[in-house]
Amino acid sequence: TELFGWMMKEESNTERSVYTTMLVCNLSSVEKHRVEILSAGGLHCLENIAANVDDIHLQRVILLTLYNISACDDSRAMIAQSSLMQFIGVACRSRDLLCQRCAIMTLSNIASSDETRNVATRGGGLQAAIICLEGYDTPLQRFGLACLANMSNDEQTQSQIVVHGGLHSIVNLSREGDVETRECALLCLSNLCANDTVHSSLVDQDVLSVLVGACKDHQSITALFALANLTSGDKFIHDLDADEGMVLALIDLVRSSDNKHK
């Protein structure tokens, strides 16, 4: 509580605010301290500081603290109901890369809970996550994909990802990203494949060959699960029948020594 008092002192001392918030940030990286910070009114303190912050270093520390705190289940509804959502949303589009990363990671945590997923998605949250895929920073792309994977655990959001142009970037990263990035992209595709209403869009993006290729190249279980969702429709079964290479790739996986792949 005394630390929060130092953080919110009225007289201008940005350096003190930065260092004091850094201390709270470090404490929030430990699970047991997150609850203590919440109980002592830490979110309210961060909300007050965030409302008037101009210093980029202080913005970064606030966002990293929010990311740490948002790993606590009890915090997400509290964050979602506060003005901090606006602060996070603006930071997702910041010109400062570290602010962007911390903001989208926080948004991803909020989107991971059923109770707060819709709050994270609306008000520009979905578009902010999609924008993260369009840059050249690999960690930011990966965080954006993780956020979209959480958001897309909802049927309406699955359609909105397609409407807002996110599918094209997801498919590109599932082909061209590093292994970890491709796997995050495949998680998004797996969720989208469960929605019959977007199957025509998946056809247009040649998602079937992307998934079979992922199964063949690095035996991705996520890609296999996505294929199971996708091939529930007659259209995709017909495509598989017409492509001997895809069928042979699946047969090889059935013969795999890995029971999960079978």
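Me: Why is D206 called partly exposed?
Reply: In this predicted model, D206 has a relative accessibility of 40%. Buried means under 20% and exposed means over 50%, with partly exposed in between.

Me: Where is D206, and what is its phi?
Reply: D206 sits in the loop between helix 15 (199-204) and helix 16 (207-218). Its phi is near 55°, a positive value in a residue other than glycine.

Me: Let's step back to the whole chain. How many helices and strands does the protein chain have?
Reply: There are 19 helices and zero strands. Of the 262 residues in the protein chain, 50% are buried. Among contacts between residues at least 6 apart in sequence, 65% join residues at least 24 apart.

Me: Now for some pairs of helices. Why are helix 11 and helix 14 called roughly parallel?
Reply: The axes of helix 11 (residues 138-151) and helix 14 (residues 179-193) cross at roughly 25° and come within 9 Å. Angles under 35 degrees count as roughly parallel, and the two helices are therefore roughly parallel to each other. Their crossing is left-handed.

Me: Which residues of helix 11 and helix 14 meet?
Reply: From helix 11 come T138, R142, L145, L148 and A149, and they meet E180, T181, C184, A185, L187, C188 and N191 of helix 14. By class, this contact has seven nonpolar, three polar and two charged residues.

Me: T181 is in that group. How do you know whether T181 is buried or exposed?
Reply: The relative accessibility of T181 is 1%. Buried means under 20%, so T181, at 1%, counts as buried. T181 belongs to helix 14. Leaving aside neighbours within four places in sequence, T181 is in contact with T138, R142, L145 and L173.

Me: What makes L140 buried?
Reply: L140 has a relative accessible area of 6%. The cut-off for buried is under 20%, so L140, at 6%, is buried. L140 has its place in helix 11.

Me: Which residues does L140 touch beyond its neighbours within four places in sequence?
Reply: L140 is in contact with L97, Q100, R101, I104 and C132.

Me: C132 is one of the partners of L140. Which residues of helix 10 and helix 11 make the contact between these helices?
Reply: First, the geometry: the axes of helix 10 (residues 125-132) and helix 11 come within 7 Å and cross at roughly 145°, and the crossing is left-handed. Helix 10 brings G125, L126, A129, I130 and C132, while helix 11 brings L140, Q141, G144, C147, L148 and M151. These residues divide into eight nonpolar, three polar and no charged.

Me: Why is helix 4 called roughly antiparallel to helix 5?
Reply: The axes of helix 4 (residues 42-50) and helix 5 cross at roughly 150° and come within 11 Å. Angles over 145 degrees count as roughly antiparallel, so helix 4 is roughly antiparallel to helix 5. Helix 4 passes helix 5 in a left-handed crossing.

Me: Which residues meet where helix 4 and helix 5 are in contact?
Reply: L43, L46, I49 and A50 in helix 4 meet L58, I62, T65, L66 and I69 in helix 5. Their classes are eight nonpolar, one polar and no charged.

Me: Why does N68 count as buried?
Reply: N68 has a relative accessible area of 12%. Because buried means under 20%, N68, at 12%, is buried. N68 lies in helix 5 (residues 56-69).

Me: What makes the pairing of the N68 and S28 side chains a polar contact?
Reply: The distance between the two side chains is 3.2 Å. A polar contact needs N or O atoms within 3.5 Å, one able to donate a hydrogen and the other to accept it. The N68 and S28 side chains make such a contact. Beyond neighbours within four places in sequence, N68 is in contact with C25, S28, S29 and R34.

Me: And C72, buried or exposed?
Reply: C72 has 12% relative accessibility, so C72 counts as buried, the limit being under 20%. C72 is found in the loop between helix 5 and helix 6 (73-80). Leaving aside neighbours within four places in sequence, C72 is in contact with R34, V35 and L38. The C-alpha atoms of C72 and E31, 41 residues apart along the chain, are separated by 7.4 Å.

Technical notes. Residues are numbered from 1 along each chain as its sequence is written. This is a predicted model: local features need pLDDT of at least 70, side-chain atom pairs count only at pLDDT 80 or more; totals for chains, interfaces and linings use all residues. Side-chain values use heavy atoms; hydrogens and water are left out. Axes are lines fitted to C-alpha atoms, for helices over the stretch in contact, and angles run from 0 to 180 degrees between N-to-C directions. Helices (H or I, at least four residues) and strands (E, at least two) are DSSP runs, numbered from the N terminus. Angles under 35 degrees count as roughly parallel, over 145 as roughly antiparallel, 65 to 115 as roughly perpendicular and the rest as oblique. A crossing is left-handed if the near helix is turned anticlockwise from the far one by less than a right angle, and right-handed if clockwise. Contact means heavy atoms within 4.5 Å. Ala, Val, Leu, Ile, Met, Phe, Trp, Tyr, Cys and Pro count as nonpolar, Asp, Glu, Lys and Arg as charged, and the others, Gly among them, as polar. Buried means under 20% relative accessible area, exposed over 50%, partly exposed in between (1.4 Å probe, protein chains only).
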